[in-house]
Amino acid sequence: MASESDQKNSGKINGVVTRFAPSPTGYLHLGGARTALFNWLFARHHGGQALLRIEDTDQKRSTQDAIDKIIDGLDWLGLDYDDEPMFQSKRAERHREVAMALLESGNAYKCYATPEELEEMRAAQRAARQPMRYDGRWRDRGPSEAPEGAPFTVRLKTPNEGETVITDAVQGEVRVANAEIDDYIILRADGTPTYMLAVVVDDHDMGCTHIIRGDDHLNNAFRQLPIIRAMAWEEPVYAHVPLIHGADGAKLSKRHGAVGVEAYRDELGVLPEALFNYLLRLGWGHGDKEEFTRAEAIELFDIDGVGKSASRFDTKKLLNLNGHHIREADDARLARLVADEMDGQPDLGLLENAMPFLKPRAKDVHELVEGAAFLFAKRPLAMTDKAAKLLDDEGRARLGQVSAELHAENDWTSEALEATTKALAERLELGLGKLAQPMRAALTGTTTSPGIFDVLVLLGREESLARIDAQAEPRS
């Protein structure tokens, strides 16, 4: 049993306590990020605690780099925790303490079966096409029957009659026959605890009231409950969330582009609030509402809104949602994000002024960078093939006429510049586009940009005229 000091330090409160418990053997993938989000939102919605545990007991595969990436990904998503992360590897002595308590109470026993014996047992089960599970050969035998000094593991003595019923907050009532759950190892022959024991002990000592995780862990709940009941600990509420699938309906994997959350930031140019919003809607809903602020998510999220069906990840939908969040984002913040991706030290003030014109067209940060590139281009401008075609003899002649009008313009505002250019188009009996298209090519080197008169204002009078004159037929 946990000592009084363990209980005092457990972090228990009168209310909800959730935990996110990643294994640092790789990146923070989308499924893990959504699990973290649901745990965090549930705790925040109920005024409880959200805790973080790093399950680093697999020391061969756990890396500091993976730990750093997981914590960085959680920070980027804005998921803050109410205590320092707990590292499972530092709690082996506590895990052994519980294993010994289970042994002493008769809820666990020493198993002296050798690896060779266990392999023979499994081979026989395979040959008979039986489920492979431990046959309980040491369940009712004492250590006196084993060779002196023989190594042993400690196995949990699970119930072998009747059934275990879990009322899951997402899956509903789930039943498993106890005969299907074998006496599994909780302490290895070298004295190290197994994952199944460590998870239960840590959840209890952290005071977790709700275990929200992927439904691939549902079977683990039926193996973990016997430890909880044998220790007479309070049972948590389980909520096993359906997994995320790809657009083809198969479990999300690397072939679907399943990567760490940092890749959505760095490679796709997604904002954290957009991924937060998108993950929220993967398996949870509130009517037809699609777009949520952080405050709205905390206010509205509860576990009863999580569906039983797997959700499908769609990159196109994510980027469409990202475009919405870019349009809502602060211009100064976007300017800093864009500047970070540009060479040199671009003018932040100019970038901020440009954002109201750039962000309506962009679905990701990279498109903002691409859209802002013309602001800092050096003459002579590099031209796309489409832009170069607009600057044929006719286009250059029209630029010469535009240049003459703009050189005479003293009111360098988008309204005045538009009025001047429209007046010229009318005198030449041309549609405005016949002037605007070669102007855009000359000013930006491309055929897509913010409104052409906004471009003129952003570049300023001197730079705008220099770019137009560099492409225009010389003025007479």
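Predicted model: local features only at pLDDT ≥ 70, side-chain atom pairs only at ≥ 80, totals over all residues.
Residues are numbered from 1 along each chain as its sequence is written.

Let's start with α16 and α20, which pack with their axes 8 Å apart at an angle of about 150°. Axes here are lines fitted to C-alpha atoms, for helices over the stretch in contact, with angles from 0 to 180 degrees between N-to-C directions. Helices are DSSP runs of H or I with at least four residues, strands are E runs with at least two, and both are numbered from the N terminus. The pair is therefore roughly antiparallel (angles over 145 degrees).

Here is who touches whom, with contact meaning heavy atoms within 4.5 Å:

| Helix | Contact residues |
|---|---|
| α16 | R396, L399, S403, L406, H407 |
| α20 | R461, L465, I468, D469, Q471 |

Sorted by type, the contact has 4 nonpolar, 3 polar and 3 charged residues (nonpolar: Ala, Val, Leu, Ile, Met, Phe, Trp, Tyr, Cys and Pro; charged: Asp, Glu, Lys and Arg; polar: the others, Gly among them).

**The sheet**

Next up is an open, antiparallel sheet of 3 strands, ordered β4-β5-β8; strands pair if DSSP finds at least two bridges between them. Strands β4 (108–111) and β8 (185–187) sit at the edges, and the twist averages 45° from one strand to the next. Between β5 (residues 153–156) and β8 there are 2 bridges, and V154 stands opposite L187 in β8. Helix α4 (residues 92–104) packs on this sheet, touching β4, β5 and β8, and its direction makes about 120° with that of β8.

Definitions and conventions
Heavy atoms only, no water. Parallel < 35°, antiparallel > 145°, perpendicular 65-115°, else oblique.
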